Amino acid sequence: VAGHERRGMARDGAVGAAQERRVLEESRREFEELEANQRALDFNQARIESAAGQALRDKQQEEFEACLAADQQRDVEREAEAEKARGVEKEAQQKATEEERQQLQEREQAARSQTNVEAAVEAALRAVGPEPAQGAEGVCLLALQFPSSKRVQRRFMASDKMEAVAAFIQVEASQEYAALGPVTERGVDLADEAAREMWEGVVLGHFTLRRAYGGPIIREGTLADRGIAAMEKLLVE
């Protein structure tokens, strides 16, 4: 009986050991499955994170390239604006230089004209001579009409030279010329410009004498030589 009991206990022990081994084996397999599943999850998570990181890097690269392109475009635009500004400045400088050169030429021309006028007036004053008394023998009364409708009467001797008449006309014209004022004070009034040119021409002797009802008079010889009467109207043209 005792032997039988020992054999039964041995069988029970063997069965228990086998069951324990099976439990351990199942636990090991479950643990390995869990580990495999965890590794799969970790791998998938890593792939997801890698893809997300790559997408983020791609987006950051695109944004960087867009910013770089925008900066380059702004640089191009700034350079174009700077070039345009330099062109405008250069053009303004050239215009200012040209205006200054033109003003200098105008001042020089005005100075030359003034010098010529002054010289012509001085010569005319010397050539006019004194006005003869009214009623004197051989006196001619001339009524002179200028281009501006200015009218002046003056007595001359029939023996006076036509140069004296021309000189008197120049002196009278110089008064009108001087009344217009210097060029720098007159501005750019076109009417004054035309008047100044006209009076300057007369002062310099660039005019023609014409009878009111006849042809031009040669400015040579004496009044008598030119057949000028005791009273006569002459036009200054």
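This is a predicted model: local features need pLDDT of at least 70, side-chain atom pairs count only at pLDDT 80 or more; totals for chains, interfaces and linings use all residues.
Let me begin with the overall form. The radius of gyration is 60 Å, whereas a compact globule of 237 residues would come out near 18 Å, and the box filled by the C-alpha atoms, taken along the principal axes, is roughly 200 × 30 × 25 Å. Of the 237 residues, 22% count as buried, and the accessible surface comes to about 16900 Å², with 53% of that surface belonging to carbon and sulfur atoms. As for charge, there are 33 positive and 46 negative charges, and their mean positions lie 3 Å apart. If we take the contacts between residues at least 6 apart in sequence, 58% of them join residues that are at least 24 apart.

Now to the hairpin, which is made by strand 1 and strand 2 with five residues between them. Strand 1, residues 139-145, runs antiparallel to strand 2, and seven bridges join the two; in this pairing Gln145 stands opposite Arg151 of strand 2. In the turn, Ser149 has a positive phi of about 75 degrees. Strand 2 itself, residues 151-157, shows a covered face made up of Val152, Arg154 and Phe156, while Arg151, Gln153, Arg155 and Met157 make up the uncovered one.

Is Ala166 buried or exposed? Ala166 counts as buried, because its relative accessibility is 5% and the cut-off for that class is under 20%. Leaving aside residues up to four places away in sequence, Ala166 touches Phe207 and Arg219. To return for a moment to the dimensions of the model, Ala166 and Glu25 are 141 residues apart in sequence and, C-alpha to C-alpha, 147 Å apart in space.

The second residue is Thr222, found in the loop between strand 4, residues 216-217, and strand 5, residues 231-236. Although it lies in a loop, Thr222 is buried, with a relative accessible area of 17%. Which residues does Thr222 touch, if we again do not count those up to four places away in sequence? They are Ala158, Ser159, Asp160, Lys161 and Met162.

Technical notes:
Residues are numbered from 1 along each chain as its sequence is written. Side-chain values use heavy atoms; hydrogens and water are left out. The radius of gyration is taken over C-alpha atoms; the globule rule is 2.2 Å times the number of residues to the power 0.38. Buried means under 20% relative accessible area, exposed over 50%, partly exposed in between (1.4 Å probe, protein chains only). Contact means heavy atoms within 4.5 Å. Accessible areas come from the Shrake-Rupley method with a 1.4 Å probe; for residues, only the protein chains shown count as cover. Lys and Arg count as positive and Asp and Glu as negative; His and the chain ends are not counted. The place of a charge is taken as NZ of Lys, CZ of Arg, CG of Asp or CD of Glu. Helices (H or I, at least four residues) and strands (E, at least two) are DSSP runs, numbered from the N terminus. Two strands pair if DSSP finds at least two bridges between them.
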